[in-house]
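Dear colleague,

I am handing over a structure that will be new to you, and my notes on it follow below. Please have it open beside you as you read.

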Amino acid sequence: MTAVHVRELTKRYRGVRAVDALTFDVPAGSVTGFLGPNGAGKTTTLRMLLGLARPTSGTALIDGRAYHDLAEPRRTVGAVLESGGFHPGRTGRDHLRILAGSARLPMARVDAVLDEVDLTGAADRRVRTYSLGMRQRLGLAGALLGDPGLLVLDEPANGLDPAGMSWLRGLLRRRAAAGGTVIVSSHVLSEIAQTADHAVIVGAGRLRHAGPVGDDLERTFLAVTSNAI
């Protein structure tokens, strides 16, 4: 079963192809690492999947539908593409309450996700006092509010210490074990090797590799991206 279908996805900016006829699938119930060098087109691809950028051509579908056609987007997909976007004067709890209200989600989910990301003790502190790692957790809490079947995370380990990275790994594996699907874009290949079932590697906007995470992800990554400029 496939959770995400990407077919011939292309995005041009002023004649430059940031994403070039990209085609791949993301298996349901898995953690998939979405990898590539800087400028490979990863973030652009994720933005098109989430309806934040319009493809020049091709499709990116979630459960067979484009993001803007989903009946309840927050209950279908949760995403963190950056750790910013927080009002520094609000508490973590208030930030999540505003998100829940705008998406018509039960307020009970706020306490549930605060507990899930281990921020309950800091929930009533203002976000300006949060470390980068805490902001990453708060962003993840927002993505989890709708208890979505798909999580899309861009560099979620940024700012986390080793204990935090171990915690994140466990959270993502539990989501997949429960039938959820996770797409993780990251430069930390060692962490992806420990966490992901599958890897999709892109370079210069094109697909370079898609398949199970093997015994030596770093070697595969370097081999398929060495000429991708």
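**The sheet and its cavities**

In this predicted model, strand β3 (residues 31–35) and strand β7 (residues 181–185) run parallel and are joined by 4 bridges, and within this pair V31 stands opposite V182 of β7. Helix α8 (residues 217–225) packs on the sheet, where it touches β3, β8 (198–203) and β9, and its direction makes about 25 degrees with that of β8.

The sheet to which these strands belong is open and consists of 6 strands in the order β5-β6-β7-β3-β8-β9, with mixed pairing. Because β5 (77–80) and β9 (206–212) stand at the edges with a single partner strand each, one side of each is left without a neighbour in the sheet. On average, neighbouring strands of this sheet are turned by 15 degrees against each other, direction ignored. Helix α5 (residues 132–144) lies across β5 and β6 (150–154), running at about 165 degrees to β5.

The count of cavities of 30 Å³ or more comes to 3, and the largest cavity has a volume of about 100 Å³. Its lining includes P156, L168, V184 and E191, while α6 (162–177) and α7 (189–195) are the elements that give two or more residues to that lining. By type, the lining of the largest cavity divides into 7 nonpolar, 2 polar and 2 charged residues.

The second largest cavity holds about 60 Å³ of space, and among the residues lining it are V80, Q136, R137 and W167. Helix α5 gives the most to the lining of this second largest cavity, with 3 residues.

With best wishes

Key
Residues numbered from 1 in each chain as written. Predicted model: local features only at pLDDT ≥ 70, side-chain atom pairs only at ≥ 80, totals over all residues. Heavy atoms only, no water. Pairing = 2+ DSSP bridges. Axes fitted to C-alpha atoms, helices over the stretch in contact; angles between N-to-C directions. Contact = heavy atoms within 4.5 Å. 1 Å grid on protein atoms, 1.4 Å probe; cavity = no way out; pocket = protein on both sides within 12 Å on 5 of 7 lines; lining within 4 Å. Points joined across faces, edges and corners; volume = space filled by probe spheres on them. Nonpolar A, V, L, I, M, F, W, Y, C, P; charged D, E, K, R; others polar.
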